[in-house]
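Trainee: I should like to learn how to read a helix and the contacts between rings. Could you guide me?

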Amino acid sequence: MPRNKKSILRGSLLVVAAAGLLSATVTGAAQADPPPRSPLQQSLDRLVTEEKFPAALAWTSKDGRTTSLVAGSSRLGRKAPVPRDGQVRAGSSTKTFTAVVVLQLVAEGRVHLDAPVERYLPGLVRGKGVDAREITVRHLLQRTSGLPNYTEHIGLEDFEKIQHRFFHPHDLLAAALAHPAKFAPGAKWEYSNTNYLIAGLIVERVTGRPVQEEITERVIDKARLRHTCWPQPGDQGIRGPHPHGYVLARLDGDRVVDATEMDPSWGGAAGQLISTPSDLARFTRALLDGELLPPEQLAEMRRTVAAPVLPGWRYGLGVVSVPLSCGGVYWGHGGDIDGYETRGGATDDGRSVGLAVTALPGTFGGDEEKAALAVMDAVDTAFCE
């Protein structure tokens, strides 16, 4: 089992003397009941038994106390312990890291939120209905640009064909710009990874350095995230203790394959990081506590628009405001990538949560929407129990 085992001796109590080999058996002792499982542990267990995720991991911090829990198995089809707070692919949780770097550059006067993208990437972002002279940096970070989503056009539906393929950011941009804009800039909100692909290119153009280097130095190192890293070109594995992740070989099939080793370059500034539940939670905590951004830029980040994903969700500049059943909201950003899903964040009153499962909802059949909501319910339980 993945959890620490606790033995219950029925009808007898074995006492071993600390100084020697003397032992005695006491019979007739009252039979003890197992300790109750916490609501969060029960939620993780249900993610495995009912929603069929191979493994679930959670980390919480409340009132100065931290908890790390797991459920399931780190390998499909066998009993393999899940490493507590193991490394996972963070997916779109990367976007908040990218947004922080852009906003740091805003604070330094090197980028302006309401300046057109054309100022930083002249002549690069052009397509049918797409004009970088009309799209601002704010539109990118807020997902209101109308840009087509490159991940819909690079073959992700056939995982085994792209599993070990390297994608250059400009190839991803070309895949997006071969399709027309979805709407005029600022007209509405819609999820598109292309926004953060371009934000990463702006970081590189302004700083003259790779976006992964800027994220590492400006965010990962500054927030002291010891188990978070950006995989370098050719690095297809996960180096620290980790559960394996699984994905459908094809979206229209039912064959599941191991996705743990893969080239994550198609994620880029929109989704390439590897992290742990605790590091993702600590990152959001450091962000809300003002350790990564000046007050003015943090306030800009928290200015939100409606994000019609789930009721009450609102999107800022790389962060989501999610209502809690116990009142208030938490701030964070989820991530979906082949083999892994991450969720969680932090509240203004000091609570922090990171949670991961080792497949995308629906990978092992069942109701995909129900499984996705079950993950969100587990996050809510982690904040509210």
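This is a predicted model: local features need pLDDT of at least 70, side-chain atom pairs count only at pLDDT 80 or more; totals for chains, interfaces and linings use all residues.

Trainee: What span should helix α9 have, and how far apart are its end C-alpha atoms?

Mentor: Helix α9 covers residues 277–288, and at 1.5 Å a residue its 12 residues should span 16 Å. The end C-alpha atoms lie 17 Å apart, which agrees.

Trainee: How many residues of α9 are buried?

Mentor: In general, an α-helix has 3.6 residues a turn, so residues three or four places apart point the same way. In α9, 11 of the 12 residues are buried, so the rest of the structure largely encloses this helix. Among the buried residues are Pro277, Asp279, Phe283 and Arg285. After α9 comes Gly290, with a positive phi near 80°.

Trainee: How many aromatic pairs are there?

Mentor: Rings of Phe, Tyr and Trp pair if their centres lie within 6.5 Å. The count here is three aromatic pairs. For Trp189 and Tyr315, the ring centres are 5.7 Å apart and the planes meet at 50°, so this pair is tilted. Trp189 belongs to the loop between α5 and α6, while Tyr315 belongs to strand β12, 126 residues apart. Both Trp189 and Tyr315 are buried.

Trainee: Which arrangement do Tyr330 and Phe383 form?

Mentor: Tyr330 and Phe383 are stacked, with 4.6 Å from centre to centre and 20° between the planes. This pair joins strand β14, which holds Tyr330, to helix α11, which holds Phe383. Tyr330 counts as buried at 4% relative accessibility, and Phe383 counts as buried at 2%.

Trainee: Where does Arg143 lie?

Mentor: Arg143 lies over the face of Tyr191, 3.6 Å from the ring centre.

How values were computed
Residues are numbered from 1 along each chain as its sequence is written. Side-chain values use heavy atoms; hydrogens and water are left out. Helices (H or I, at least four residues) and strands (E, at least two) are DSSP runs, numbered from the N terminus. The expected span of a helix is 1.5 Å times one less than its number of residues. Buried means under 20% relative accessible area, exposed over 50%, partly exposed in between (1.4 Å probe, protein chains only). Rings of Phe, Tyr and Trp (its six-membered ring) pair if their centres lie within 6.5 Å; planes under 30 degrees apart count as stacked, over 60 as edge-to-face and the rest as tilted. A charge sits over a ring if NZ of Lys or CZ of Arg is within 6 Å of the ring centre and within 35 degrees of the ring normal.
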